[in-house]
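Please keep the sequence and the structure in view while reading.

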Amino acid sequence: MGIDLIIFTVLSAVAIASALGVILSKNPVNSVLCMITCFVAIAGHYIMLNAQFLFVVHLIVYTGAIMVLFLFVLMMMNLNADIEPQKRNWLKYAGAISGGALLLVLVAALRDASVPAIQSGNATDIGLIKNLGKTLFTSYVVPFELSSVLFLSAMVGAVVIGKK
């Protein structure tokens with residue numbers, strides 16, 4: 001077994017175990033921490049795919065910003081088990097049935113799916129930040145600049161609303 005396969009197997013096992021921890025954890029703070037671990041494992045997969053930009057964006061956006069926001073919201077909420085209403089049994093059964101139906105649909109959709117072969121040659125340069133920058137600033141300059149103006153106006157709007 002090569003080192004790449006070992007790293008992939010370890011990252012996949014960590015991602016699956018932490019995803020199960022998100023679902024099965026009774027404590028919401030532990031669930032969010034398991035989700036952070038899952039996001040870091042998925043970011044490791046991006047590095048193995050030679051997609052450095054996706055790795056950095058995934059770590060900054062998901063693991064850094066969204067999970068910290070989730071933790072703040074959970075810490076501010078009053079999560080007493082005594083006050084929390086109990087779920088009805090029919091709601092649990094409906095969730096299990098709908099999850100099983102979703103699983104069946106996914107299995108049926110992926111059963112006949114085929115994965116195209118990766119062409120060798122220039123395939124190692126696909127996820128590099130240098131190539132992404134060249135593409136953004138040559139072919140997609142106008143949409144890139146328009147999106148930056150849109151984000152700037154959204155930030156100005158948030159500051160104006162926040163001052164009121």
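Predicted model: local features only at pLDDT ≥ 70, side-chain atom pairs only at ≥ 80, totals over all residues.

Thr 63 counts as buried, because its relative accessibility is 15% and the cut-off for buried is under 20%. Thr 63 sits in helix H3.

**Around Thr 63**

- Leaving aside residues up to four places away in sequence, Thr 63 touches Ile 36, Phe 39, Val 40, His 58 and Val 68.

**Packing of H2 and H3**

- Helix H2 spans residues 28-48 and helix H3 spans residues 52-76; their axes are 9 Å apart and meet at an angle of about 175 degrees.
- H2 is therefore roughly antiparallel to H3, since angles over 145 degrees fall in that class.
- Sorted by class, the residues in this contact are 21 nonpolar, two polar and no charged.
- From H2, the contact includes Pro 28, Val 29, Val 32, Leu 33, Met 35 and Ile 36, and also Phe 39, Val 40, Ile 42, Ala 43, Tyr 46 and Ile 47.
- From H3, the residues that meet them include Leu 54, Phe 55, His 58, Leu 59, Tyr 62 and Thr 63, along with Met 67, Phe 70, Leu 71, Leu 74 and Met 75.

**Nonpolar core**

- The largest nonpolar core has six residues: Val 32, Ile 36, Phe 39, Met 67, Leu 71 and Leu 74.
- H2 and H3 are the elements that give two or more residues to this core.

**Whole chain**

- The chain has six helices and zero strands, in the order α-α-α-α-α-α from the N terminus.
- Of the 164 residues in the chain, 13% are buried.
- Taking contacts between residues at least 6 apart in sequence, 58% join residues at least 24 apart.

**UniProt annotation**

- An unreviewed UniProt entry lists residues 6-24, 31-49, 55-78, 90-110 and 140-161 under "transmembrane region".
- In the model, residues 90-110 are 100% helix and 0% strand, and the end C-alpha atoms of this span lie 30 Å apart.
- Residues 140-161 are 95% helix and 0% strand, with 32 Å between the end C-alpha atoms.

Conventions. Residues numbered from 1 in each chain as written. Heavy atoms only, no water. Axes fitted to C-alpha atoms, helices over the stretch in contact; angles between N-to-C directions. Helix = DSSP H or I, 4+ residues; strand = E, 2+ residues; numbered from the N terminus. Parallel < 35°, antiparallel > 145°, perpendicular 65-115°, else oblique. Contact = heavy atoms within 4.5 Å. Nonpolar A, V, L, I, M, F, W, Y, C, P; charged D, E, K, R; others polar. Core = buried A, V, L, I, M, F, W, Y, C linked by side-chain atoms within 4.5 Å. Buried < 20%, exposed > 50% of the residue type's maximum accessible area, 1.4 Å probe, protein only. UniProt positions renumbered as here; feature names shortened; annotations may be inferred.
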